[in-house]
Every structure is written in C-alpha cells, then in structure tokens.
Amino acid sequence: MSDIPVTKAHLRAAALAARDALSSDQRAAAAQAVARRGLPVEMAAGVVVAGYSPIRSEFDPTPLMQKLAAQGAQLALPVIPARGQALRFRAWSPGDRLIRGPLDILEPSPAAAEIVPEIVLVPLAAFDLAGHRIGYGGGHYDRTLAQLRAARKITAIGLSFAVQETEAVPVLSHDVALDYVLTETNLFDFRST
C-alpha cells in the first residue's frame, strides 16, 4: 500500500488551513489581482472558458470570469453528474441564476447548453512547481482534464492563493498536471516542465 494518499491528505490539510487563515479581504484582493493580470494565453473571440463556483474559502474566479466575458469569452461552469465521473460544462453568463447541484455546489440550470471548454480554470487545495495539484480527493478534475485532452487541445489553469504552494505533490498515474497556476503574486508556467 502506498503512503501517497496519506501524504496527499496531510498536504491538503496544511494547504487548506493556510487558505482558511486568509481574511475575506485578502481573498478578495487576490481575486482582483489575478483578474487585473488576466490569462497568460491569447484568447480568440468566443473562446470557451470554464470557471467554477467557489466553495468554502476557495479562490474566487468571478472577477476574472467577468473580465473574460467582457473580452468576448463564452463562459461555462461545471456540472457534477455523479461521484466518480468526469465533469460536464454548461454555458453561463454573469448574472445567470445558479442552482445547487448534487454535491451542494452551485451550477447552471439543466436548461443551459452543454459546451466543451478550450480553457479550464481549476480550483485546488495545493500545487507544486511542477504543475501538480491536490484537489479534494474526488478525482473530478483529473478525469475531466484527461478526457478533454484526449479529444482536443485544452489549457488547464489552476487558481490559487500563494500560501497553497507546497514543495512537492506526490503524483499517481491518473493525476493530470496543469499548464499554469495563477496566484495573487505569481504566474507559474508548467508547459515545458
């Protein structure tokens, strides 16, 4: 039996404690800083960018998503069909009403069109300087990114507070690395690592 799950759980707990210790003002300022900087990739008009509905003290992508919408991006939010499955994405615009999904996370109405993103903004608990991330243990984003990348070229961009950086994330065969991580202080580019 590998000790990687135990190590990941420990790293997750430490990173989430550091994230939780940030004040709401610090979290809001970080989200604004990332929005001002924008994405590290060129965006064609109409590019589909998938964000997420933040939970707990997660990095809030809303200011960045509003900026991207103003620049002509088409936005989407994930829908969690069931535990153990890849996410699907439905169209969303700022101001659209959201409903509580099966895991009590806000998501677009079932009436919203299902679309496939080209850029995916990814929440995380911790990340390292090789582009590996720790999520919440459900594997939703690893499955989703693997499935999307099998079908087309996509860009996966983690959004995080600087305090969530860790020295090294243990990696399993099903773990999928990010292309970038954006924090309030840095842009990390992992495409060549």
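**Talking through a predicted model**

Trainee: Which helix is A28 found in?

Mentor: A28 belongs to helix α2, residues 24-37; helices (H or I, at least four residues) and strands (E, at least two) are DSSP runs, numbered from the N terminus.

Trainee: What about the sheet, in what order do its strands come?

Mentor: The open sheet is formed by seven strands in the order β3-β2-β1-β6-β9-β10-β11, with mixed pairing, and two strands pair if DSSP finds at least two bridges between them. At its edges are β3 (88-91) and β11 (187-189), each of which pairs on one side only. From one strand to the next, the twist averages 25°; axes are lines fitted to C-alpha atoms, for helices over the stretch in contact, and angles run from 0 to 180 degrees between N-to-C directions.

Trainee: And which strands does helix α3 touch?

Mentor: Helix α3 (residues 62-70) packs on the sheet and touches β1 (48-50), β2 (74-79), β6 (119-122) and β9, its direction making about 140° with that of β2; contact means heavy atoms within 4.5 Å. Helix α4 (residues 140-151) lies across β2, β3, β6 and β9, and runs at about 170° to β6.

Trainee: How many bridges join β9 to β10?

Mentor: Three bridges link β9 (residues 155-159) with β10 (residues 180-182), and the two strands run parallel. L159 stands opposite L182 in β10.

Trainee: Which residues have the most contacts inside the largest nonpolar core?

Mentor: They are L121 and L159, in a core of 45 residues; a nonpolar core is a set of buried Ala, Val, Leu, Ile, Met, Phe, Trp, Tyr and Cys residues joined through side-chain atoms within 4.5 Å. Apart from it lies another core, of five residues, including L11 and A126.

Trainee: Changing topic, is R56 buried or exposed?

Mentor: R56 counts as exposed because its relative accessibility is 65%. R56 sits in the loop between β1 and α3, and its phi is near 50°, a positive value in a residue other than glycine.

Conventions: Residues are numbered from 1 along each chain as its sequence is written. This is a predicted model: local features need pLDDT of at least 70, side-chain atom pairs count only at pLDDT 80 or more; totals for chains, interfaces and linings use all residues. Side-chain values use heavy atoms; hydrogens and water are left out. Buried means under 20% relative accessible area, exposed over 50%, partly exposed in between (1.4 Å probe, protein chains only).
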